[in-house]
Amino acid sequence: MTKPSLPELLHAAVAAVGGTERPGQVAMAEAVAQAVDDGTHLLVQAGTGTGKSLGYLVPALAHGDRVVVATATLALQRQLVERDLPRTVDALHPLLRRRPEFAMLKGRSNYLCLHRIHEGVPQEEEDGLFDPFEAAAPTSKLGQDLLRLRDWSDETETGDRDDLTPGVSDRAWGQVSVSSRECLGATKCAYGAECFAEAARERAKLAEVVVTNHALLAIDAIEGAPVLPQHEMLIVDEAHELVSRVTGVATGELTPGQVNRAVRRAAKLVDEKAADQLQTAAEGFEKLMELALPGRLQEVPEDLAYALMALRDAARTVITALGGNRDRSAQDEDAVRKQAMAAVENVHAVAERIANGSEYDVVWYERHDRFGASLRVAPLSVSGLLREKLFADRSVVLTSATLKLGGGFNGVGASLGLAPEGVEGEDLPVWKGIDVGSPFDYPKQGILYVARHLATPGREGSRTDMMDELAELIEAAGGRTLGLFSSMRAAQAAAEELRGRLDKPVLLQGEDTLGELIKAFAADAETCLFGTLSLWQGVDVPGPNCQLVVMDRIPFPRPDDPLMSARQKAVEEAGGNGFMAVAATHAALLMAQGAGRLVRATGDRGVVAVLDPRLANARYGSFLRASLPDFWYTTDRNQVRRSLAAIDQAAKAGA
């Protein structure tokens with residue numbers, strides 16, 4: 001039998017999911033197949049509606065080697081495992097003459113721990129374990145969550161937190177899960193044979209397609225102990241998120257509360273001298289943190305360096321003692337010891353990293369109203385790590401609706417550790433970027449309006465002219481507005497102001513769960529939804545109820561953001577343009593994501609309004625505009641009001 005062609009396979013898969021074959025999807029599938037055959041790397045920009053998951057799944061399944069698919073959001077993981085993969089495998093089975101297996105794999109703390117469920121949680125104040133199910137009042141929210149988790153543990157086949165609906169609080173989940181450091185290990189644990197996390201790993205080892213998340217991919221790359229099974233192909237979907245997720249995994253934090261928890265967990269398990277040394281070091285660190293002012297530490301001050309070295313040395317002493325001492329009076333002593341060891345090891349690792357001081361790290365203090373001060377350390381760049389760990393041993397495909405910034409792929413490529421496209425050299429990964437377009441007719445479906453007449457937004461202060469403009473636009477649109485703000489304070493101020501001015505409901509992020517807010521926004525044409533970062537990329541509302549997307553200002557990083565400003569400075573010191581490479585690229589990515597909320601289906605019409613004149617007037621404005629969908633562009637406020645009113649009338653007529 002002749003081997004089926006890629007177009008045949010794609011046609012069968014698209015028919016199975018009830019989709020429409022699109023030229024962009026075909027071009028993407030062919031480019032993915034070519035990259036895998038050549039052992040090269042590919043960046044693919046595929047607009048909303050292209051059907052990009054089939055564009056990479058079909059050539060990956062046809063190739064026959066093991067593939068890992070890493071995504072940023074839970075929604076896409078679920079879509080792949082519950083919808084796209086089962087249907088695609090069924091559709092391709094007759095043509096491929098085999099049925100590829102697929103599995104989901106996440107970090108250990110995402111799975112229920114049976115040891116915790118049955119034996120309890122290590123207790124900090126006394127030796128041994130306590131039963132959180134007995135201790136929690138059944139009338140409290142925590143108690144109800146825990147009792148539900150215990151019942152669920154008998155029913156669930158996966159133990160995966162994301163399969164529990166409705167979900168539970170982080171606090172409740174923390175009582176029934178363990179990190180990889182806290183885990184006893186399958187061979188030592190009484191429940192190792194039934195362990196959900198171990199079962200997920202075993203399924204992944206046997207599967208041809210493993211679906212995971214960016215965080216686990218980062219852990220696999222950074223920690224050197226492989227978590228993912230060997231694979232010949234890596235597909236990173238939602239790849240615009242990868243750098244920030246990897247940075248998050250590579251960031252360390254120390255807080256007085258966290259250090260004191262480590263002291264309490266270890267104190268009963270080691271001799272008095274070791275416990276006192278850690279206690280004294282913790283007190284010294286806490287005193288310093290009370291005086292900490294937020295901001296970057298260009299150099300670690302002498303008093304902080306001394307406190308960190310004291311913490312590091314005391315933690316090392318306790319780790320040695322924990323390894324040797326055995327206190328059989330502690331109930332299920334291994335679990336208690338393992339949790340104490342994990343807490344102290346984390347303190348040791350972060351204290352040592354900051355005390356050693358690396359030119360490749362950025363160190364800063366943060367202050368939170370609720371949680372107090374924290375000391376944080378993050379890599380200045382993850383590009384070298386990604387180049388070395390991601391692109392070395394397999395073909396990598398990175399895809400997203402927003403990878404092409406300012407008209408090219410080199411900006412995103414540089415953040416991933418790739419040299420400019422076409423530059424060749426030893427140890428330089430070979431890659432190419434393709435934009436397969438979008439099925440939408442952006443110039444006919446959308447307008448990009450820049451309010452050029454407004455005052456340039458300052459750092460502080462109210463923007464009365466912006467509020468007036470926003471109110472007029474919402475009135476013209478009849479509601480139907482998604483407001484994307486650069487800060488929570490700005491979103492709150494706008495919601496407060498417009499609730500007093502308009503007779504339209506204004507929902508605000510934080511006043512309910514994101515899912516409920518989006519559901520309410522999608523259900524009512526007159527409703528507006530205002531919010532910040534997660535709304536810029538987390539909203540999918542096709543149809544007439546989202547016809548105006550407003551951005552209050554260009555979302556540059558805050559000038560006092562320690563990590564972003566350090567990265568900008570590093571580019572400048574290397575002779576580059578730090579503002580364009582860091583701040584403008586960050587803003588372009590967010591604006592492209594935000595503008596992508598408007599047109600989600602072929603019948604959608606509407607306006608993206610940017611209430612920041614710099615997009616029209618500043619030199620970098622053309623770079624930012626080139627990163628957005630190709631909407632019809634105007635700065636004419638009267639034209640936009642007429643267009644919004646016409647779109648509103650058409651939506652009402654069609655309702």
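**Close-up 1. Strand β19 and its two neighbours.** Strand β14 (residues 446-450) runs parallel to β19, and five bridges join the two. One place to look is Gly-446, which sits opposite Gly-606 in β19. Everything shown here and in the other views comes from a predicted model. Strand β18 (residues 548-551) is also parallel to β19, joined to it by four bridges. Here Met-551 faces Val-610 of β19 as its opposite number. How many residues of strand β19 are buried? Five of the five residues in β19 (residues 606-610) are buried, so the strand is largely enclosed by the rest of the structure. In a regular strand, side chains alternate between the two faces of the sheet. In β19, both faces are covered: Gly-606, Val-608 and Val-610 are buried on one side, and Val-607 and Ala-609 are buried on the other.

**Close-up 2. The seven-strand sheet around β19.** Step back from β19 and you find an open sheet of seven strands with parallel pairing, in the order β16-β17-β15-β18-β19-β14-β20. At the edges are β16 (506-508) and β20 (632-634), each pairing on one side only. From one strand to the next, the twist averages 20°. Elsewhere in the sheet, strand β15 (residues 481-484) runs parallel to strand β17 (residues 528-531), with three bridges between them. Leu-484 is found opposite Gly-531 in β17. Which helix packs on the sheet? That's α19 (residues 464-477), which touches β14, β15, β17, β18 and β19. The direction of α19 makes about 170° with that of β18.

**Close-up 3. Strand β7 between β2 and β12.** Now for another covered strand. Strand β7 (residues 233-236) has buried residues on both faces: Met-233 and Ile-235 on one side, Leu-234 and Val-236 on the other. Strand β2 (residues 67-71) runs parallel to β7, and four bridges hold the pairing. Strand β12 (residues 395-400) is parallel to β7 too, again with four bridges. Val-236 is a handy landmark in this view: Ala-70 stands opposite Val-236, and the bridge partner of Val-236 in β12 is Leu-398.

**Close-up 4. A four-strand sheet with antiparallel pairing.** This open sheet has four strands in the order β8-β11-β10-β9, and the pairing is antiparallel. What is left without a neighbour in the sheet? β8 (252-254) and β9 (295-296) stand at the edges with a single partner strand each, so one side of each has no neighbour in the sheet. Zoom in on β8 and you can follow three bridges to strand β11 (residues 372-379), which runs antiparallel to β8.

**Close-up 5. Gly-357 in a loop.** Look for Gly-357 in the loop between α15 (333-356) and β10 (361-368).

**Close-up 6. Helices α11 and α16 crossing.** Two packed helices are described by the angle and the distance between their axes. For helix α11 (residues 242-249) and helix α16 (residues 383-390), the axes come within 11 Å and cross at roughly 100°. That angle falls in the 65 to 115 degree range, so α11 and α16 are roughly perpendicular to each other. On the α11 side of the contact are Leu-242, Val-243 and Val-246, and they meet Leu-385, Leu-386 and Leu-390 of α16. By class, that contact has six nonpolar residues, no polar ones and no charged ones.

Close-up 7. In soluble globular proteins, nonpolar side chains tend to be buried together. The largest nonpolar core here has 90 residues, and Leu-149 and Leu-416 touch the most other members. Helix α24 (residues 578-595) gives this core its largest share, seven residues. Apart from this core lies another, of 40 residues, including Leu-288, Ala-314, Val-336 and Ala-373. Which residues does Leu-149 touch, leaving aside those up to four places away in sequence? They are Leu-112, Ile-117, Leu-164, Val-168, Ala-172, Trp-173 and Val-176.

Terms used: Residues are numbered from 1 along each chain as its sequence is written. This is a predicted model: local features need pLDDT of at least 70, side-chain atom pairs count only at pLDDT 80 or more; totals for chains, interfaces and linings use all residues. Side-chain values use heavy atoms; hydrogens and water are left out. A nonpolar core is a set of buried Ala, Val, Leu, Ile, Met, Phe, Trp, Tyr and Cys residues joined through side-chain atoms within 4.5 Å. Buried means under 20% relative accessible area, exposed over 50%, partly exposed in between (1.4 Å probe, protein chains only). Contact means heavy atoms within 4.5 Å. Axes are lines fitted to C-alpha atoms, for helices over the stretch in contact, and angles run from 0 to 180 degrees between N-to-C directions. Angles under 35 degrees count as roughly parallel, over 145 as roughly antiparallel, 65 to 115 as roughly perpendicular and the rest as oblique. Ala, Val, Leu, Ile, Met, Phe, Trp, Tyr, Cys and Pro count as nonpolar, Asp, Glu, Lys and Arg as charged, and the others, Gly among them, as polar. Two strands pair if DSSP finds at least two bridges between them.
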